[in-house]
Amino acid sequence: MTDHQHTSPVSQATRRHAGEELPFSERDSAHIPGHWLLARLGKRVLRPGGRELTRQMLSHAGMEGHKVVEFAPGLGSTAKEILQHAPASYVGVDEDRKAAAIVDNIVAGTGHAVTAKAQETGLPDDSADVVVGEAMLTMQSDKGKQSIIAEAARLLRPGGRYAIHELGLEPDNLDDETKTLIRKSLARAIKVNARPLTAAEWKALLESEGFEVDWIGSAPMALLDIRRNVADEGIVGVLRILRNLIRDKQARERVMTMKRAFTQYRQHMNGIAVVAHKR
């Protein structure tokens, strides 16, 4: 039996969320993408800058009474936050049907979720006042980033806001060699080809697709730090994550690899949030 075929000791309960099966539940802990591994372990806030940066971003986006579309809502943590802003409607767009089903249950009564790619949502032109996307552009190539931002622009009415929360690099003049080292380290650790950008690069990318930046916020990239996790998940949530780590050796090894990568380049990575409006 190969390593890929070993059955993970993580229980079926940890592979489910609110009664729904998690994405990549068929894969073991050694081969699942990093963010879904953390979700399997019980982590619910999977944002580089944490829950507080998300809340700042949503506050600046101004969603009350407006039509909101969220790209790649994942487990629906941000969808819950959006609902607290009393939007007129909510549509989640996730290419993973399991994730879409989870979010569909969360937003029932206010909106729904569809299974589609963020590059091709199938939603009508000018049908949204606010588009939200978190921790998903980072995982795309330059061309992929442009395609998703262009789709956000297509969905938004003139003056509509696009709010993103992504992994950032700093300072703005960071050399290309260091950027490459960080990207390679992240790819090995999280098994996704992450391509974070500096604040200046995120701003320029949005402007190239017809947006004007209104606000930029940042926070330390502390996704695996205990203090951030207590703030994001609560004591009970942290204990749940630790319990699941103890039970799963493959998961512990993966998380430690991620932790080492995040720590090694801590001075050059952050969580960055941007709110821009469509010209």
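Trainee: What volume does the second largest pocket have?
Mentor: About 280 Å³. A pocket is an open set of points on a 1 Å grid over the protein atoms alone, with protein on both sides within 12 Å along at least five of seven lines. Grid points are joined across faces, edges and corners, and a volume is the space filled by probe spheres set on the points. This is a predicted model, where local features need pLDDT of at least 70, side-chain atom pairs count only at pLDDT 80 or more, and totals for chains, interfaces and linings use all residues. Residues are numbered from 1 along each chain as its sequence is written, and side-chain values use heavy atoms, with hydrogens and water left out.

Trainee: Which residues lie nearest the centre of that second largest pocket?
Mentor: L224, I241, L242, L245 and V255, out of 13 lining residues. Lining residues have an atom within 4 Å of a point.

Trainee: Which element gives the largest share of the lining there?
Mentor: Helix 8, with 6 residues. Helices are DSSP runs of H or I with at least four residues, strands are runs of E with at least two, and both are numbered from the N terminus.

Trainee: Switching topic. How many residues line the largest pocket?
Mentor: The lining has 28 residues, with H35, W36, A72, D94 and E95 nearest the centre. Helix 1 (34-41) and strand 4 (89-94) are the elements that give two or more residues to that lining. The volume of the largest pocket is about 600 Å³.

Trainee: And cavities, how many of 30 Å³ or more?
Mentor: The structure holds 3 of them. In a cavity, a 1.4 Å probe fits but cannot get out. The largest cavity has about 220 Å³ of space. Among its 17 lining residues, P48, M139, I190, M221 and L223 lie nearest the centre.

Trainee: Which helices each supply at least two residues of that lining?
Mentor: Helix 1, helix 6 and helix 9.

Trainee: Let's look at helix 6. Which of its residues are buried?
Mentor: T178, K179, I182, R183, S185, L186, A189 and I190. Buried means under 20% relative accessible area, exposed over 50%, and partly exposed in between, using a 1.4 Å probe and protein chains only.

Trainee: Why are those on the same side of helix 6?
Mentor: Because they cover an arc of only 165° around the axis. The arc is taken from the directions from the helix axis to the C-beta atoms.

Trainee: What's exposed on the other side of helix 6?
Mentor: D176, E177 and R188.
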